[in-house]
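Hi everyone, thanks for coming. Please have a look at the sequence and the structure on the screen, and then I'll walk you through them.

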Amino acid sequence: MHIASPPPMRYPMCGGQELRSISSDYIDKIMTRNEILDDVVDQLLTTAVTQREYTRSIAYVVVLMSNIFRKRNCDENLRKHFLQKFCHSAISEFENYDWKNASEDNYELGSEYSSIDALALSALIGDLISLRLISYNRFKALMGLLICRIEICLHVECVHTLLSHAAARPTPEMASPFLYQCIRTVRRRTNLCIVPRINRFVRVVSAVSRIPTNEIL
């Protein structure tokens, strides 16, 4: 996000009709002034990574906007630029996030949303993966990056969040060998004080892979 990013949206985004209306409104503004596209991307991204309750809604808005671009026979390059800008920006935030100093204290519902929330960032990446906006190979790379940085409970929670959101629409690519490897790596990098968090992660893996929890444990 840019230092001067537009402020995040601060209104409920729940119903499909409301999301379609928001998406259409953004497209109207972009078609009137193409130069605001980057500002729109910044506002959507800022909203998603600072307010964890909005990640799925924002990811869906991105899909809706892409569809509206197509339906209105807009410039295909503009549509592609929008998608690439949003997804690349989200990935960049994830890859460059200061995971070592991540803290759940940075997030407080109803706060001024001044900083990136690690769980929101993880959820957003997972949502984009489940909606096929980020490739499976990129998912593996981002999951590997996060797992290799595990030091505290919050990191395990972020892995759990990333996987559970990405698996909202399970795909054959999320095969057992990869999931087993995730579990083994998480265990190597953790200790007994965060066993409950690991067990939650294992339950998600079990749901995604359809492997009984006792076999994973």
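Residues are numbered from 1 along each chain as its sequence is written, and side-chain values use heavy atoms, with hydrogens and water left out.

So, confidence. pLDDT is the predictor's confidence in each residue, from 0 to 100. The protein chain has a mean pLDDT of 80, with 72% of its residues at 70 or more. Over residues 109-113, pLDDT stays under 50, and it also stays under 50 over residues 213-217. Where pLDDT is low, the predicted coordinates should not be read in detail.

Now the helices, which are DSSP runs (H or I, at least four residues) numbered from the N terminus. How do H3 and H5 pack? Helix H3 covers residues 55-71 and helix H5 covers residues 118-130; they pack at an angle of about 40°, with their axes 9 Å apart. Axes are lines fitted to C-alpha atoms over the stretch in contact, and angles run from 0 to 180 degrees between N-to-C directions. Angles under 35 degrees count as roughly parallel, over 145 as roughly antiparallel, 65 to 115 as roughly perpendicular and the rest as oblique, and H3 and H5 are therefore oblique to each other. Their crossing is right-handed (the near helix is turned clockwise from the far one by less than a right angle).

Contact means heavy atoms within 4.5 Å. From H3, Thr55, Arg56 and Ala59 meet H5 residues including Ala120, Ala123 and Leu124.

Next, H5 has another partner. H5 and helix H7, residues 153-166, pack at an angle of about 20°, with their axes 7 Å apart. These two are therefore roughly parallel to each other, and H5 passes H7 in a right-handed crossing. Among the residues making this contact are Ala123 and Asp127 of H5 and His165 of H7.

Finally, let's zoom in on Thr55, in helix H3. Is Thr55 buried or exposed? Its relative accessibility is 1%, so Thr55 counts as buried (buried means under 20% relative accessible area, exposed over 50%, partly exposed in between, with a 1.4 Å probe and protein chains only). Not counting residues up to four places away in sequence, Thr55 touches Ala48, Ala120, Ala123, Leu124, Asp127 and His165.
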